[in-house]
Number of protein chains: 2
Amino acid sequence: MTVQDYMLTLGKQARAASRQMASADTGKKNAALLAIADAINSARDTIAAENARDMEAGRANGLDAALLDRLELTPERIDGMIEGLNQVAALPDPCGEITDLKYRPSGIQLGKKRTPLGVVGIIYESRPNVTVDAASLCLKSGNAAILRGGSEAIHSNKAVAVCIAAGLKAAGLPETAVQVVETTDRAAVGELITMTKYVDVVVPRGGKSLIERISADARVSVIKHLDGICHVYVDKTANLDKAFNIVINSKTHRYGVCNAMETMLVDEAIAADFLPRAAKEFAARGVELRGCEKTVALLTASDIPVVAALEEDWDTEYLAPILSIKLVANMDEAIEHINNHGSHHTDALVSENYTLARKFLTEVDSSSVMINASTRFADGFEYGLGAEIGISTDKIHARGPVGLEGLTSQKWIVFGDGHIRN
Amino acid sequence: MTVQDYMLTLGKQARAASRQMASADTGKKNAALLAIADAINSARDTIAAENARDMEAGRANGLDAALLDRLELTPERIDGMIEGLNQVAALPDPCGEITDLKYRPSGIQLGKKRTPLGVVGIIYESRPNVTVDAASLCLKSGNAAILRGGSEAIHSNKAVAVCIAAGLKAAGLPETAVQVVETTDRAAVGELITMTKYVDVVVPRGGKSLIERISADARVSVIKHLDGICHVYVDKTANLDKAFNIVINSKTHRYGVCNAMETMLVDEAIAADFLPRAAKEFAARGVELRGCEKTVALLTASDIPVVAALEEDWDTEYLAPILSIKLVANMDEAIEHINNHGSHHTDALVSENYTLARKFLTEVDSSSVMINASTRFADGFEYGLGAEIGISTDKIHARGPVGLEGLTSQKWIVFGDGHIRN
């Protein structure tokens, strides 16, 4: 069978399964999630053995340490997969909710009903635990899923796929509701993202280059996450203790995450009071500082190591212990910087001023806008979504963390009694 | 200036204007809409004269009668433009609404705020009144717009653009909030749909080939409307009088519209009672009937003209007085036909059965699903959206008629008091 035929078969099966999933009741979907958790628990040894094959091949192929770490399924990570399934089972079912049901002057009764998207394609890299995360979210939201993991995790993913199929079957749902692409041929991705008849939306999870490539070639709708260039702006009315805690937490809580602060903006009026204190702490934590001209002057005078930021620093997602710092004259300058250099992901203001807080909320064009809180809160779990399929930097459909609701849409429903249009 | 540079200039100006529009208050936006209406009223003679130039050129270039009709701005159509502006001014402003504001266990207060998309590109064909419709919806929803109408309407569109700019200026809003592309070079469209930095979403309005071409080439998100292959399924429990009225209205109220019925599905059990009666009325109204084998047998026996439907008839949007008819054994067969051959636009059931009505609502995967009502109700005005920028056949973002809310999105907002993540 050619890759094209293979993917077409998966697509057709997924479309058929999606119809059954759309009318599967909540109890059945939860039963499947719990049965998958059981199956994974029972298959721990097999999963570990298959994962060991991937790890061995990865080492032989010279994968770097970070990639190998993501590839590994430790017992704790298998526990995490099981725990995740239980959590998703406990979440409310988004499907079927009817809202805004009202009579129109014509006499028809009009409302909206929440409904699955249909077939969701997920394209991800080396983490095999994403297979279970993605499957569980798609399943609970009533969608069929086609999962395409990295080729280096193929044995792990196949072993997990067996457990998912067993769980679906045990609950009386179609095994084809979740299909793992079992070829490592790259052409499979090209098919997946262009089968508009069989796939409704694609979610790429991975590095920026993967996502850009997929967005460029896709004909199917894409829910995508590009950069997280997040800012914290410390206004002159800020409580400097809150500001200190927030900037340190936003930058240093974790470095390699998309909701970490990459650029700190500080009002010139409080720079002398605030900047050396914060910079000293950053330096103590090993964060390299790159500042605008005034920042360099101020920190150098305080004997704190700092280098001059280049223009490109303002547009860079470091994902590392590096921070760019810029002094601004006022909030307008800060907002302009954020909207022009940020990635519309998450941006925070530290301020005690009511009017400025309202202004920041309205004018900053980002998927999460925060007042006096750490950017690190922009996360599906912290937002109570239970889990997230990704964080969208798109403007249409769901913005920011995408949970179960983001995998659904709404259709219009009309109840009449023989109504016709005049 | 090259087309590329020209479009880039429009894009940059639109992006800058979109920032101002996002924080423009409702009163100012409404003032602009009313000022545009005044400007159009004052410029009736100029608009008519410029439209006459387009009409003359159109006749000289051999445009067909339907196209010329759409191109013409009669005094009534100018009245319609003014009336539309007044209606949009009277609609509630979707922007800024904050919903679901709740405390999370971490102590942060999390909600969602409705926000404009940013810059909206509209690509349409010969109707110059779309220029005002699109401008008014984008303006009211706080977006900046770049409007690209058909080259045959260029003088009309430029004349209308002058009025829009005057109205925006009078209300103290940036004139660049609505820009009409003033080159007829086709390359302008290619630029518009790929300027991801300056355009957030594109709405093509026109024939299927235009929309398919734009969807294929776009890098910007597209809200698109392809076919309207709508069905009415008459179940065996239907009240046959309601069914009669609904199918006649769905098909014959207007033929060239996307929410007209193209295929009628009838339960075999009531076919003998229902079909000849309905078919006789269709025939009397000049509707050509194309039926499945059983339909042909039944109608031929009743001396009603009918031809045999080809396989492709089930996938055709006639937009004409033609109807395909198929008898089905039960609702499962009807739903399968609708989901496989329909266009996920609008489909209706006529039935008195509670369980079947629930099943139809859940299993039919269309943007509007109706019980005992005419498909012709699927329309922005009938749904109370006030006006529509289009009808989306996509599954993500807005489905079905897209009004002001469909031109907005929601961002997450977080209020804290110095909260940091543990």
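This is a predicted model: local features need pLDDT of at least 70, side-chain atom pairs count only at pLDDT 80 or more; totals for chains, interfaces and linings use all residues.
1. **Extent of the interface.** Chain A puts 69 residues in contact with 69 residues of chain B. The area buried between the two chains is about 6,100 Å². Carbon and sulfur atoms give 51% of that area. I396(A), W412(A) and R421(A) deserve a look: they supply 15% of the area that chain A buries against chain B, more than any other three residues.

2. **Polar and charged links.** Between chain A and chain B, 51 residue pairs are in polar contact, counting pairs with both residues at pLDDT 80 or more. Ten salt bridges are found across the interface of chain A and chain B. One of them joins E382(A) to R421(B), with the closest N and O atoms 3.5 Å apart.

3. **Who supplies the chain A side.** Several elements of chain A each give at least two residues to the side that touches chain B, among them α1 (3-22), β2 (109-116), α10 (240-252) and β17 (408-419). The largest share, eleven residues, comes from β17(A). By class, this side of chain A has 24 nonpolar, 27 polar and 18 charged residues.

4. Which strand of chain B pairs with β14(A)? The partner is β17(B), residues 408-419, in the parallel sense and over five bridges. M370(A) has V414(B) as its bridge partner in β17(B). I371(A) stands opposite F415(B) in that strand.

5. **A second sheet, in chain B.** Five strands of chain B form an open sheet in the order β5-β4-β3-β6-β7, with parallel pairing. Here β5 (178-180) and β7 (221-222) of chain B are at the edges with a single partner strand each, so each has one side without a neighbour in the sheet. Strand β4(B), residues 144-148, pairs with β5(B) over three bridges in the parallel sense. Within that pairing, L147(B) has V180(B) as its bridge partner in β5(B).

6. **The helix across it.** Helix α1 of chain B, residues 3-22, lies across β3 (119-123), β4 and β5 of chain B. The helix runs at about 150° to β4(B).

Terms used. Residues are numbered from 1 along each chain as its sequence is written. Chains are lettered from A and ligands numbered from 1 in the order in which they are written. Side-chain values use heavy atoms; hydrogens and water are left out. Contact means heavy atoms within 4.5 Å. Buried area is the accessible area (1.4 Å probe) that two parts lose on being put together, summed over both. A salt bridge is a side-chain nitrogen of Lys or Arg within 4 Å of a carboxyl oxygen of Asp or Glu. A polar contact is a pair of N or O atoms within 3.5 Å; within protein, one must be able to donate a hydrogen and the other to accept it, and residues adjacent in sequence count only if both atoms are side-chain atoms. Helices (H or I, at least four residues) and strands (E, at least two) are DSSP runs, numbered from the N terminus. Ala, Val, Leu, Ile, Met, Phe, Trp, Tyr, Cys and Pro count as nonpolar, Asp, Glu, Lys and Arg as charged, and the others, Gly among them, as polar. Two strands pair if DSSP finds at least two bridges between them. Axes are lines fitted to C-alpha atoms, for helices over the stretch in contact, and angles run from 0 to 180 degrees between N-to-C directions.
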